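Hi,

Here is the structure I promised to pass on. Have a look at it first, and my notes follow below.

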Amino acid sequence: MGSDFTASVTVDSINPKVLKCEYAVRGEIVTHAQRLQQELQTNPSSLPFKEIIYCNIGNPQSLGQHPITFFREVLALCDHPALLEKPETSALFSSDSISRAQQILSSIPGKATGAYSHSQGIKGLRDAIAAGIAARDGFPANADDIFLTDGASPGVHNMMQLLLRSESDGILCPIPQYPLYSASIALHGGTLVPYYLDEATGWGLETSELKKQLDDARSKGIAVRALVVINPGNPTGQVLAEGNQQQIVEFCKNEGLVLLADEVYQENIYVDDKKFNSFKKVARSMGYGEEDLTLVSYQSISKGYYGECGKRGGYMEVTGFSSGVREQIYKVASVNLCSNISGQILASLVMNPPKPGDASYESYATERDGILKSLASRAKALEAALNSLEGVTCNKAEGAMYLFPRIRLPEKAIEAAKAAKKAPDTFYALRLLESTGVVVVPGSGFGQVPGTYHFRCTILPQEDKIPAIISSLKTFHESFMNQYRD
Amino acid sequence: MSFIRSPAVPIESINPKVRNCEYAVRGEVFNYALRLQEELEKNPGSRPFDEIIYCNLGNPQALNQQPITFFRQVLALCEYPALFDSDETQKLFSSDAISRARQIRAMLSGNSTGAYSHSKGAKGLREMIAAGIALRDGYPANAEDIFLTDGVSSAVHMIMQLLIRSERDGILCPIPQYPLYSASIALHGGKLVPYELNEASGWGLEVFELKRRVDMAREDGIYVRALVVINPGNPTGQVLSESNQQEIAELCRKEGLVLLADEVYQENVYVKNKKFISFKRIARSLDYEENELSLVSFQSISKGYYGECGKRGGYMELCGFSEDVKDQIYKVASVDLCSNTSGQILASLVMNPPKPGEESHELFLAEKEAILSSLARRAKALEDAFNSMEGVLCQKAEGAMYLFPRIKLPEKAIEAAKKVNMAPDTFYALKLLDDTGLVFVPGSGFGQAPDTWHVRTTILPEEHKIPAIVSRLKAFHESFMREFRD
């Protein structure tokens, strides 16, 4: 420690885990895009494109997707309950949104929507969520197992903090993965134990690969604590087959691993031959109870057809922990008191939406189906476009919100990247941004087999913009290949 | 919940930092109160009181404080913008709420509260907050220095994570303190370096005590990284004098300590001879250059006269940090994407409320003043009550929302507590709860000078309930002293 008191906090004196963690989804490319966006604002014709299109992040409502009307009606009424006493309100809000808001308000002690709630979330809302889980899976869920959080991200952090004692503790993560996992493992001082998804088989997850990586880590003295599975996958979009899920459950049970099931895209499935099965349902239908498997299931309000990213809502359903450990999980949740009430309310609506016969059901179903159908068709259009590019192959997005095409970069491009001191996929993504205004995230941000290059692009720009995006993408890629083709 | 035979996660295998952290505000006494409440609900009349009154937590709206009308109107309009198109809306919402909501929506990504915002919070909202800070202090504030967070708790965690590399990194904390600080230091693996506030002088903060503690810690090989000052104080309620604040700022500058200024009670000052001065203003008025003092100022939407605890909003303003350190802070913020938009919006309203001349100003001012004057009256009534009790001495609550009376417990009581393996103040608080239904937090949860005993209560129960509370409290204390008097 030096005596230079004018700079008490430097990058050399901060927590090295902070320095180590990376999160490419809002990393270098995005910062550059924001600068270009500012340039465009001051000087609209200064660049070869009119607007920046952010395809880096699963943020539907920023690109024009509308929230579900019923959900927002309920939220507004809960935000300003005085409305429920005014006669004009029945002309402005659907009758079932009024009654749902009243029901939610009565489940809040004192109807106080601005009060800290129970640290796991309002009991009545957890009951509604547990009922929704049971209806979805056909197996019961317990409100006491549910922890409502500000998005799924804090729930992930809680588990990493709980399970990681030192860098001798490891967490199995898919490669490629959503970099919240690599970032939170780094922040909490653990070791990421990678398992590779198989691009050749649509990003398949082989338990033989899991076993190989587990044994390898253990032979190096790593205590592997948990397995992260993202289903539907991010960035890959694959939806696991039930048989595959059963193998994974069996694997975790036999190896004593906590199964961390990221299921935030459970409502985003675009193919008829696959469906979402929660890991809870799979485990219970195999006859496995809490004494067989420790499972944390994550759900969020940010994805699906609701896309309520900015409201920060989600939950983890925590099963198979001893009561002593559960108390510790609760204690850590209590330090930050509770998650935000709007997010809690939306989570209960997502897991318990309007039913047939409800006044809002038809408009709700129309909105929902419209969004999902549109997502499926955008996924298809972009996938086809990417597959038409020279040297590019793109696996189908069976679900989620992303495409993760592989680009075979010519040697000359790789050299040029090296000379510019950039990873080759970052180099490509920067050039793509500068030519077209489209913001994607380089594959290195998610992990990939060494020597392969990818980028992740969302399927979220509005449908009417897709043709122009495809055409500028094709034009750019052709010119890039012309420049660097071997 | 079934019992786990051989869990994948035995309690000995979880992160010891999690096991070490404590948070008494929702600890033992509170959990017992929850159980009593369940009993009362099942079996009214089973206890010598009708209701549990939660005085353990600064949660005003849980005790029937109403939110500010203007704030909730704006929030509802932001969530459900279809309201803008309806004729009835003019009858239900003030025109300035409507125009503020429109203004706010235009600042949001995709004009929607449902999109992830910038990871520091929406730029326009940060600009409004910066303007509010500048107006308050008379010195400019920069939107780029502001990070909007899900309540101040998240921001405190971020800073502890940043500054604590190992258990050799120490953070100076007041004794008594709000146990978020002790809990977050434990969770991030650092060392709490205590400095005692002087009860005899109204919980005065003496700079020589600070210096003494810094020196002692350094002699023990601790790198003292930061000083936490809570002003107005929690649990103590003291408001620092300007000269005291200047001495503190000067000490931090000289000793190279980051000043962590918890200013969440800045709107809660009840005495005419004190006023809130931000540490930012102090630093600027001392003519410090930006890089001479590293200062983090925390503000929340949970306290003041707005009490929006459940909405989870707040910010930290960072001054005197290098760009590369701020980039690291930004990076960590980006991993969890952003704080919830309701909290962001409320933070902008708190720092930029209706002004004289605006349609909502009169009602806003009336609501604000009613709440603040009532808080001041309740603080006095409870303070007087404590001071009338045998062996109890209660410092004035100049600000914040709490009283922290000292109770001189007789030897017999201390013995009785030891016999049941309890801290004497916990013993007192549990008996108090059993007898009166009042939930206080034992002083040991906050820290206190050895062999002194305190309890913390809020001043938040509704005014009309205060006489009954006072009389129950006095009756209990008399009977306790009769039982245990030496």
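At what angle do helix α9 (residues 207–219) and helix α10 (residues 242–255) of chain B pack, and how many Å apart are their axes? Before I get to that, please keep in mind that this is a predicted model.

**The α9/α10 pair in chain B**

The angle comes out at about 20 degrees, and the axes of α9(B) and α10(B) lie 10 Å apart. An angle under 35 degrees counts as roughly parallel, so α9(B) and α10(B) are roughly parallel to each other. Their crossing is right-handed. If you want to click through the contact, α9(B) brings Val207(B), Leu210(B), Lys211(B), Val214(B) and Arg218(B). From α10(B) come Asn244(B), Glu247(B), Ile248(B), Leu251(B) and Glu255(B). By type, the residues of this contact of α9(B) with α10(B) are five nonpolar, one polar and four charged.

**The sheet in chain B**

Chain B has an open sheet of seven strands, in the order β2-β8-β7-β6-β5-β3-β4, with mixed pairing. At the edges sit β2 (146–149) and β4 (191–196) of chain B, each of which pairs on one side only. On average, and ignoring direction, neighbouring strands in this sheet are turned by 20 degrees against each other.

One pairing to look at is β7 (residues 295–300) with β8 (residues 314–319) of chain B: these two are antiparallel and share six bridges. Helix α12 (residues 323–335) of chain B lies across β2 and β8 of that chain, and runs at about 20 degrees to β2(B).

**The sheet in chain A**

Now for chain A. Its seven strands also form an open sheet, in the order β2-β8-β7-β6-β5-β3-β4, and the pairing is mixed. The edge strands are β2 (146–149) and β4 of chain A, with each pairing on one side only. Here neighbouring strands are turned by 20 degrees against each other on average, direction ignored.

Strand β6 (residues 258–262) of chain A runs parallel to β7 (residues 295–300) of chain A, and four bridges join them. Within that pair, Leu260(A) stands opposite Val296(A) of β7(A).

Two helices pack on the sheet. Helix α9 (residues 207–219) of chain A touches β3, β4 and β5 (223–230) of chain A, and its direction makes about 150 degrees with that of β4(A). Helix α10 (residues 242–255) of chain A touches β3, β5 and β6 of chain A, with a direction at about 165 degrees to that of β5(A).

The other parallel pairing is β3 (residues 169–175) with β4 (residues 191–196) of chain A, joined by six bridges. Gly170(A) has Thr191(A) in β4(A) as its bridge partner. Together with helix α8 (residues 180–187) of chain A, β3(A) and β4(A) make a right-handed β-α-β unit.

**α8 and its neighbour α7 in chain A**

On the α7(A) side the contact is made by Ser153(A), Val156(A), His157(A) and Met160(A). On the α8(A) side you will find Leu180(A), Tyr181(A), Ser184(A), Ile185(A) and Leu187(A). The residues in this contact of α7(A) with α8(A) are six nonpolar, three polar and no charged.

Most residues other than glycine have a negative phi, and most peptide bonds are trans.

- Asn231(A) and Pro232(A) are joined by a cis peptide bond, with omega about -5 degrees. Pro232(A) is in the loop between β5 and α10 of chain A.
- Asn234(B) and Pro235(B) are joined by a cis peptide bond too, with omega about 10 degrees. Pro235(B) is in the loop between β5 (223–230) and α10 of chain B.
- Trp203(B) is not a glycine, yet has a positive phi of about 65 degrees. You will find Trp203(B) in the loop between β4 and α9 of chain B.

Cheers

Technical notes
Residues numbered from 1 in each chain as written. Chains lettered and ligands numbered in written order. Predicted model: local features only at pLDDT ≥ 70, side-chain atom pairs only at ≥ 80, totals over all residues. Heavy atoms only, no water. Axes fitted to C-alpha atoms, helices over the stretch in contact; angles between N-to-C directions. Parallel < 35°, antiparallel > 145°, perpendicular 65-115°, else oblique. Left-handed = near helix turned anticlockwise from the far one by under 90°. Contact = heavy atoms within 4.5 Å. Nonpolar A, V, L, I, M, F, W, Y, C, P; charged D, E, K, R; others polar. Pairing = 2+ DSSP bridges. Right-handed = clockwise from strand over helix to strand, strands pointing away.
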